[in-house]
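This report describes a single protein chain for a reader who is new to structural analysis. Please keep the sequence and the structure in view while reading.

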Amino acid sequence: MTDNWPALAADYPDLAHIPPALRAAARLRVFAAGETVFRQGDRTKAMFRVLEGEVRLLRRSRDGAETVLQRSRGGYFAEASLDASAYHCDAVVAVESRLLSFPKAVFREALNGAPAFRDAWMAQLAREVRMLRARCERLSLHGAEARILHALESEGSEGTLTLAQSRKAWAADLGLTHEALYRALARLQAAGTLVLDGARLTLRRPGERL
């Protein structure tokens, strides 16, 4: 069990729904950048929740090329393997990260026996579906500018998006090279469509003054 669950739940309110038996089984784990949490084909032993940092879910082709399926910077991951005997992909830590690890069997029991936790889990899955749907829609768009504007409109608040990652990492999320992203941002800024302020990107509406 983690050493101070009330303090942990105060920082991460969704953890307050976790029932006592699952809290007792939870383990706090720290991973360095580049470490592997699990590999595709490994036996499914645990579910994970990112507290700090970033974990990337990857699949590798036969020639070694990587495809990033998901970047988890908060919330749970490995949920697609909850009812499977093996993990479907690799989980690799992008930056030093703190994770909670929950034994799979105890996690399943908690879902069956704790309605509040089950509801919170279902809400998490619904958010993931919405995010993945938006990402698929965005990647289907042609042109870097279109993908940038879609991200601002779908993930921002009132036309403003504050990046929680580097622009280079964001470029990968958008399916762009970082050079293509920088050129597109410069064009949007020159056209008066976008205002850049460090990690903060703001969409200017027609007729709006700076």
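A residue is called buried when its relative accessible area is under 20%, exposed when that area is over 50%, and partly exposed in between, with a 1.4 Å probe and protein chains only. By this criterion, buried residues make up 40% of the 210 residues in the protein chain. The model is predicted: local features need pLDDT of at least 70, side-chain atom pairs count only at pLDDT 80 or more, and totals for chains, interfaces and linings use all residues. Residues are numbered from 1 along each chain as its sequence is written, and side-chain values use heavy atoms, with hydrogens and water left out.

**Overall architecture**

The protein chain contains seven helices and nine strands; helices (H or I, at least four residues) and strands (E, at least two) are DSSP runs numbered from the N terminus. Its C-alpha trace spans about 55 × 45 × 30 Å along the principal axes.

**Nonpolar cores**

A nonpolar core is a set of buried Ala, Val, Leu, Ile, Met, Phe, Trp, Tyr and Cys residues joined through side-chain atoms within 4.5 Å. The largest one has 35 residues, and Leu15, Phe77 and Phe107 have the most contacts inside it. Among the elements that give two or more residues to this core are α1 (5-11), β5 (75-77) and α3 (104-113). Its largest share, seven residues, comes from β3. A second, separate core of 19 residues includes Ala151, Leu174, Leu176 and Leu203.

**Helix packing**

Two helix pairs are set out below. Axes are lines fitted to C-alpha atoms, for helices over the stretch in contact, and angles run from 0 to 180 degrees between N-to-C directions.

| Pair | Axis distance | Angle |
|---|---|---|
| α5 and α7 | within 9 Å | roughly 75° |
| α4 and α5 | 9 Å | about 160° |

Angles under 35 degrees count as roughly parallel, over 145 as roughly antiparallel, 65 to 115 as roughly perpendicular and the rest as oblique. The angle of about 160° therefore makes α4 roughly antiparallel to α5. Contact means heavy atoms within 4.5 Å. In α4, Ala134, Glu137, Arg138 and Leu139 meet Arg147, His150, Ala151, Ser154 and Glu155 of α5. This contact has three nonpolar, two polar and four charged residues, where Ala, Val, Leu, Ile, Met, Phe, Trp, Tyr, Cys and Pro count as nonpolar, Asp, Glu, Lys and Arg as charged, and the others, Gly among them, as polar.

From α5, Ala144, Glu145, Ile148 and Leu149 meet residues of α7 including Ala180, Leu181 and Arg187. The residues of that contact divide into eight nonpolar, no polar and two charged.
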